[in-house]
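Subject: Structure handover

Hi,

Here is the structure I promised to pass on. Please open it and keep it beside this email while you read.

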Amino acid sequence: MRILFLGDVVGNPGCLQIKLHLSEQIKKNEIDFVIVNGENADETGVGLTKEICESFFEYGVNVITTGNHVWDQKEIMNFIDKERRLLRPKNLFEPAPGRGFEVYKIGDIKIGVLNLMGNVFMKKCDNVFEISKQFIKKYKIKEDYDFLIVDFHGEITSEKNAIGHFFDGKATLVVGTHTHVPTNDARILNNGTAYQTDAGMCGDYDSVIGMNKDNSLNRFMKKNSVKHFPSTGEATLSGVIVDCNIETGLANNIKSYIFGGQLSNT
């Protein structure tokens with residue numbers, strides 16, 4: 001079983017790159033299951049819509065995860081209750097629309113996907129380590145699912161590292177999202193869990209984390225600027241590919257995945 005996880009899709013460039021190339025990349029890399037964080041996929045760069053979700057599913061995405069911008073496009077609140085392939089962070093304050101964990105079947109194989117959000121420098125949500133502790137107590141790999149993928153949407157690397165170690169041996173993959181820059185630390189942890197601190201983004205890297213660089217610089221320098229809006233150049237698809245061990249439910253291999261745009265061109 002080979003799983004592709006793609007980091008935050010940012011605006012129209014990220015959506016276009018998925019439309020144009022995801023299907024061929026799935027075939028080329030012999031991918032069995034695709035997870036995409038879609039929380040920045042709207043043309044404004046924040047939130048996502050029903051239309052975007054349905055297009056992603058059409059292009060080959062199996063599950064969409066999110067984060068702190070999940071509710072920025074209000075229509076998603078109704079859609080997420082009906083669409084089990086769209087997740088929001090499990091540790092959002094309850095009750096909240098939708099779900100933060102679900103199990104999906106590919107043939108006879110069951111894949112659990114858990115969406116979590118960090119507590120440090122993020123929107124207020126329940127303690128992610130306490131929620132994770134409760135989850136691990138309730139669910140077990142090779143009992144409730146064959147593989148478990150954890151999207152940890154967090155701001156700081158230390159919190160992401162800690163969650164990785166917390167789930168080591170209990171998840172197939174723990175991968176960070178939110179900071180939009182791919183980290184060069186893909187590896188298998190001591191107890192067999194694949195890990196990367198941040199998957200990066202599916203967006204234009206000639207930018208400031210996907211947003212127009214000139215406007216972003218003006219905002220930092222307190223000059224005339226407007227609300228953030230996405231950069232419009234060619235996007236890079238960024239993420240990880242994980243080869244999973246059906247006997248243990250853990251990872252045999254992980255490698256960073258980069259396709260198109262500025263990153264692959266350099």
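Phe 121 sits in the loop between strand 6 (109–117) and helix 4 (128–138). This is a predicted model, so treat what follows as computed. The phi of Phe 121 is near 60°, a positive value in a residue other than glycine. Is Phe 121 buried or exposed? Its relative accessibility is 69%, so Phe 121 counts as exposed. The cut-off for exposed is over 50%.

His 178 also has a positive phi, of about 105°, and is not a glycine. Look for His 178 in the loop between strand 8 (173–177) and strand 9 (187–188). Its relative accessibility is 13%, so His 178 counts as buried. The limit for buried is under 20%.

Next, the surface. Leu 217, Phe 220 and Met 221 form a nonpolar patch there. Together they have about 350 Å² of accessible area. Met 221 lies in the loop between helix 6 (213–220) and strand 12. Met 221 counts as partly exposed because its relative accessibility is 47%.

Now go to strand 1, residues 2–6. How many of its five residues are buried? Five of the five are, so the strand is mostly covered. Arg 2, Leu 4 and Leu 6 point one way from strand 1. Ile 3 and Phe 5 point the other way. Strand 1 has two partners to find:

- Strand 12 (residues 237–244) runs antiparallel to strand 1, and five bridges join them. Leu 4 has Ile 241 as its bridge partner in strand 12.
- Strand 3 (residues 33–37) runs parallel to strand 1, and four bridges join them. Leu 6 has Val 36 as its bridge partner in strand 3.

Last, helix 1, residues 11–28. What span should its 18 residues have? At 1.5 Å a residue, the helix should span 26 Å. Its end C-alpha atoms are 25 Å apart, which agrees. Helix 1 also has a kink of about 50°, centred on His 21. Its buried residues include Gly 11, Gly 14, Ile 18, Leu 22, Gln 25 and Ile 26. An α-helix has 3.6 residues a turn, so residues three or four places apart point the same way. Just after helix 1, Glu 30 takes a positive phi of about 55°.

Best wishes

Terms used
Residues are numbered from 1 along each chain as its sequence is written. This is a predicted model: local features need pLDDT of at least 70, side-chain atom pairs count only at pLDDT 80 or more; totals for chains, interfaces and linings use all residues. Side-chain values use heavy atoms; hydrogens and water are left out. Helices (H or I, at least four residues) and strands (E, at least two) are DSSP runs, numbered from the N terminus. The expected span of a helix is 1.5 Å times one less than its number of residues. The bend at a residue is the angle between axes fitted to the seven residues ending there and the seven starting there. Buried means under 20% relative accessible area, exposed over 50%, partly exposed in between (1.4 Å probe, protein chains only). Two strands pair if DSSP finds at least two bridges between them. Patches are made of residues with over 30% relative accessible area and no salt bridge: like charges are joined within 9 Å, nonpolar side chains (Val, Leu, Ile, Met, Phe, Trp, Tyr) within 5 Å. Accessible areas come from the Shrake-Rupley method with a 1.4 Å probe; for residues, only the protein chains shown count as cover. A salt bridge is a side-chain nitrogen of Lys or Arg within 4 Å of a carboxyl oxygen of Asp or Glu.
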